[in-house]
Each structure stands twice: as C-alpha cells, then as structure tokens.
Amino acid sequence: MASAAFTEKEIRFLVEKNADGILVLDAEGIVLFANPASEQIFGRAPESLIGSPIGVPLVSGDTSEIVIHKPGGKHVDAEIRVVDTYWDNRPARLASIRDISRRKAQEEQLRHSSKMEAIGRLTAGIAHDFNNLLTVVLGNLEHAQRQTDDERLAVALDNAAHGARLAAVLTERLLAFARKKPLEPKLVSPNSIVAGMSELLQRTLGDTINIRTVLAEDLHRVEVDQTELEAAILNLIVNARDAMPSGGEVIVETANIELDHAYAARETEIAPGPYVMISVTDSGVGMSPEILRQVFEPFFTTKEGGRGTGLGLSQVYGFVKQSGGHVKLYSEPGHGTIVKIYLPKAMGDPFSQEPSIEQTEPLSTGHETILIVEDDPDVRAYAASGLRGLGYKVFEAGEASSALEIIENEPTIQLLFTDLGLPGGMDGKALAACAQSMREGLKVLITTAYAGSALVHEGRLDPGVDLLSKPFTLGSLGRRLREILDRRSSRKAGSARVLVAEDEVLLRMFIADSLADHGYELEQAGSCAEAMAKFRALSGDLAAAIIDLGLPDRPGDELVAELRAVSPDLPIIVTTGLSQADVAARYVRDRRLRVLGKPFSPQALVDALRGLVV
Amino acid sequence: MSGFLLRLYIAGRSAISQRAEQNLFQLQRLIEPDCKVEIIDVVTRPELAEQAGILATPTLSYEHPERPRRVIGDLSDTKRVLEFLGFRAQEKDGRAIEPKEKNA
Ligand SMILES: Nc1ncnc2c1ncn2[C@@H]1O[C@H](COP(=O)(O)OP(=O)(O)O)[C@@H](O)[C@H]1O
Ligand SMILES: [Mg+2]
C-alpha cells in the first residue's frame, strides 16, 4: 500500500509548498491535513477542513474530475490525483486537487462553437438548395400570373406566390444564421444607428418599459451591413421586451473597447484589437445556464403559442460573426440579461470624432451633349439642371416635333433621353425610332413609370434602346448615361447571346425562359468545363455571361477569372445563394460585373443585364 | 439487517454526474436486491448538501448508523468501492451473497 519513496518529513515540506490544494486523508476519508493552497480551492481555512469527512477518493486511472463546493454555493471544477502514503505512521491517502475550471470552460466553448458550426453548415446547405428551388417556383408563378386572364386562377397564383415569398424570407434568415447572407458592409456610426432607431425601439417596447441610451462620445465607426445591424438591435430589444412582461427598463449602451490578448485567449475565435461594443441590458426574467447554452441555435425558443420563432438571436449571432465580431450574453435568472455585441473598429477610421459623413459614391460625370424630352416641366428642369451640374451640355424639348428639330440642327447630340409618354401623337418610342433613322448611332434612353410593356416589341426590346424606370435619382441617371455612352457602339443587330453556367437544370431553364422573353439567346452550361468550351467556341459573339458561384467541377469564381483574363469587358453576372460577405466586395472593382443573390426574379436578372448594357 | 441506503450527491446534469449515476446503478445491481439508492442534486437541493457537509461531488454516502462511509469520485472502480463500503460483489452465477460487514 505504501509508496515510501519520501520520508514523512519530506512529504510535509513538499505538501506545504505545493501550488495545488493538497489534503491528507485517513482510511475513512477524514481530513488529517490541508495545505495552505487548498484554501483557494475550497474557500475555507485549512484548519477548518481538518476533521471533515470528505470521503475516500477512489480514483481509477491517473486522475478524476470532481466538483468542489465552496461555501455560498460556488462550484469549482477540479481534477483529483491520489497517492497512498503514511501519515503519523498510519496508512493514508494524499489527494492533490487542481482547479481546472478555466480549462473546462474553454473546452466547453470549443465544443459549443463546433456544434454551432455544424448546425450552420447543415442550415446553409438546406437554405442554399431551397433558394434555388424557390427561384424556380417564384419565377414560374410570375410567368403564370402574367399569362392568365382567369380571375380565380389569378387569386390562387397570388396566394402561392405569397407563400413562396414567405419561404424566401425564412431561407434568408437561415442564411443569416449560417453567416452566408450576402452583406453590404458600409462605414457606419453605431451611435447614429441607435439614435435613428430610438422611436422604433420605444414603440416596440411599449409604455411600460423605459429605454435609456448611453452613447459614448468619439465612438469608432464600424464597417457592417446597416440593415442587419438594425435587425440585430431590434431583435435584442424584442427579447428584452418579452423578458419584462410587467415592465422595466432597457439600457442601450455603446462604448469603445480594446479587447486585449488575455481576453482573446479566453474566448475562442476572437482577435485582440479595438472594438465597438453595443449592449442591451434588461431587468427581465433572465435565463438559466441550460437555456443560455442553446439560445443561438436556430428555432430554439422558450416562447409558447407561436410567439417565438427562435430566429432572433441566431440572426444576431450569424451577423456578428460574419462581420468579424463577437457576441456575449450574461444572464441572471430573476434579475435580467445583458447582451454585448462587439464589432471590430473599421480599418482606416482613425478620426473617430469626425462627423459621420454619408459615404456615397461620387456622381458619374460627363461632357457629352444630351437632348432631354419631357412634357412635365418640373421633371425636365430637375433632370436638365442636374445633368448640367454633372458637366453635360443639355438641350430640352417638351414634345417630339420640337425634339426632332433640335436633333436636325445640333449634330453634337449623342444621346436622346426621353419620356415614354409624350403629347402630340408621337410617343418616346416612336421618337427614338425616328431620331435614330435620322442619325445613325444615336443612343437612346427611355424613361417611364410603367416599365416594360410598351417598349417590348413582339417580346423583344428594340435594339439600341435603354430603359430607366421612374422615379430615378440623379445618381442613377448619371450612372446609366455613363454606361450607355461608354458602350462600344459596334454591336450586331439581332438577339444577344448570353452564356449561362448553372448546374441546377431547373434554374437554368428558368433563366432561359426569363431571358427569351427579352430577346436574349441562351447558351447553357452545367459546369465550368462546359462553360469554358462554349466560351471558346463563341468568344467574340458573346454579349454576357451569367455564372453561378457553386458549380460542380470548380468554383465559379475561377471561371469568372478565366473569362476576365480573355475578355476584360464582357458583362458578367454572378449569381449566388451562399454569398459570402465579400462576394460583392470581392468584385467591387469590376465595373462590368454584377452580383445577384438567389432567389432572384426574372425582372431582377433582366435589370442586371441591362445595367451592364447588354 | 436490510434496507441499506446509498446516497449519491451530484452537481447538475454534467457528464461526470451521469457517469456516477450509471456506476451507482451498477453497484446497486451488484449488491443484494433490496439496496436502496437516492440521488441528490446539490444544485437544486443545496440545503441537503450543506447539512451533510458535502465538500465535493460526486460523493457516495453509505448511511450506516454506526459507521457511515463516504467515497468521492465517479465510482468507476466498482470493485474497490464495494470493498471499501464493506460489500462483496455477487458471484458470477447470480446468487446473492449475504452482505458482510468489513471489520473496522
Ligand atoms: N433578454 C432575454 N431575457 C430572457 N430570455 C431571453 C432573452 N433573450 C433571449 N432569451 C431566450 O432565448 C430564446 C431565443 O431567443 P430568440 O432567438 O430571439 O428567439 P425568440 O425570441 O423567437 O424565442 C428565447 O425564447 C428566450 O428563452
Ligand atoms: Mg427573439
């Protein structure tokens, strides 16, 4: 029984100085001795431990895990190691006890995050496929809606479309949790976002709950998707409200926080550095540790009767993680909850006290000559002065005949910008045809509040005519003009050929259907290899390419890169159901490329193509 | 005598608690048929743990009037636990052996 490698005196010395808690127990499990370090773990003076019947530690293997109970109800996870010895010449056990609560907490965190990761992957996979199918369903419903005159059928189709759109909202939330929702990060000031929401928040909380905001001065700005940040704050406020059925107070606070290395080491998946913290504190019912462990899981809810969706905190989690941040929850049952969101300070934002300027892209300017034809004098004046401000030379007309006269006398006019509805018997479309027959190569942009129908001639848009729907802003008009004026004028008449690389057959058919209506001819490919072969065969004759990022043989972005290498100007539309935050950002420099999130409508696809001037 | 009581103190539904519970039931099967067991969660019943002076969990307490005995750990070494408590394991043919007090 005895391992008498040390004398009792030696053992006493080692035990006294040991950093682990050490107890010597007699054969019945009564404490004979406790070293000074054991006070830390047991929360009791070593002398008071002596004589306590703690029990005989029977440990199989090297160590065993136990929980130490401190006075006052605190628990410490500990590891116990036992050796047989002699004490006062009698057989005894020497138990060394080490606090492992920190290690356990980290293991638990790791387990939790890998579980969330797994749920995320599963969710993303389902949502992705579901999105593809919804695109097909919605698209075909739209087709059917357009083609039916039967009123009862129309109602049924409306209902079906409504249901499908709700399903699309659901998949969107699932993608948000799975951190796969396409985000549009912008430089924003959390303070102005909170301030801008104050009325909405108070209305959400109702009369019995007070809201107090404590906004830090000189708060850093962050680079996140504003809509998602607002949704996250609102989700937290809704939860706070639900936690306080009989009223209370909510505090929304912002602060600059420097997360140090120690913090980063304690929390998995967080980098040290400057962060902005946004916290929401309530004085509500709180949560037990069991509930706290599960709240981020999609569909986890404790709210009965369909009041909860279980998707609020999953949105918060997905959004914050996807934005490079971190969420932390503290809750005390019966007292309240505090949720802290940490978002990384925007890079290159050293001047945090700088007033937040709306970050809009600069307006596209030009020097060409443009003729504006518009019967509404206010709209005409707005467009004309705006375009002059952008550097264009502008002529104005109120109806078709005076417009034709100006075109005849002004050979510098390169573009006709006309309203579709004009007085005097000749509409914008007829005016365009007439003007183009007088001046070959004249570019035309038609604007109308009723997009589509009248401009589509036997299912095809007249070549050389572009459409801008009303209402338009000066920004969108300027951008559109630039695109049209910059377009190479050498374009073959007839239909434009578009290459579609998409592995989902139904979706491909749907795209082909939608585009055929608008006079595009489709070349279909189900993989990168197939798309590349078609591209080589057609090369010069291709007007655009539509590429899904998730292709079976290789990632779609490799295909994009290869096409770009050969033809730098080819209009490309990238479709994605699983868009990473950076998909749009990745291509931001490519002015001939648009990113389209699934599900998309036929109109969105056509608009995107038109936006690239195909 | 009959009606032995083995009382197991655990803390919450952790993996260790569950392991200890399973081992307790294993012990119960090995000891004679009418051995009773009781499980006390010190998280939900802190006052009982306080009364019994429980410093660590899992603790198995054998409530013997003259000589109460306690074991700490997850009870996985069933043989030694039985030995310490003063029981002999059932024989292989399944016949129960009279519990025998271990000499002090
Ligand atoms: N502030 C809070 N106070 C108490 N419990 C909360 C709080 N926020 C979230 N919870 C708990 O987390 C669960 C999940 O929250 P959430 O994901 O927003 O879904 P939902 O609100 O639809 O139930 C809630 O059902 C509730 O049990
Ligand atoms: Mg909620």
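Which strands of chain A does helix α17 (residues 556-566) of chain A lie across? Helix α17 of chain A lies across β21, β23, β24 (572-576) and β25 of chain A, and runs at about 160 degrees to β23(A). Here contact means heavy atoms within 4.5 Å, and axes are lines fitted to C-alpha atoms, for helices over the stretch in contact, with angles from 0 to 180 degrees between N-to-C directions. Helices (H or I, at least four residues) and strands (E, at least two) are DSSP runs numbered from the N terminus.

This is a predicted model, in which local features need pLDDT of at least 70 and side-chain atom pairs count only at pLDDT 80 or more, while totals for chains, interfaces and linings use all residues. Residues are numbered from 1 along each chain as its sequence is written, chains are lettered from A and ligands numbered from 1 in the order in which they are written, and side-chain values use heavy atoms, with hydrogens and water left out.

**The parallel sheet**

The open sheet of 5 strands in chain A has the order β22-β21-β23-β24-β25, with parallel pairing; two strands pair if DSSP finds at least two bridges between them. Its edge strands are β22 (520-525) and β25 (593-597) of chain A, each of which pairs on one side only, and neighbouring strands are turned by 20 degrees against each other on average, direction ignored.

**The antiparallel sheet**

Another open sheet, with 6 strands and antiparallel pairing, has the order β2(A)-β1(A)-β6(A)-β5(A)-β4(A)-β3(B). At its edges stand β2 (31-34) of chain A and β3 (56-57) of chain B, each with a single partner strand, so one side of each is left without a neighbour in the sheet. Helix α4 (residues 101-147) of chain A lies across β4, β5 (75-87) and β6 (90-99) of chain A, at about 135 degrees to β5(A).

| Strand pair | Sense | Bridges |
|---|---|---|
| β21 (residues 496-501) of chain A and β23 (residues 544-548) of chain A | parallel | 4 bridges |
| β4 (residues 63-69) of chain A and β3(B) | antiparallel | 2 bridges |

In β23(A), A:Ala544 is the bridge partner of A:Val498, and in β3(B), B:Thr57 stands opposite A:Val67.

**Residue A:Met509**

A:Met509 has its place in helix α15 of chain A. Is A:Met509 buried, partly exposed or exposed? A:Met509 is partly exposed, because its relative accessible area is 46%, and buried means under 20%, exposed over 50% and partly exposed in between (1.4 Å probe, protein chains only).
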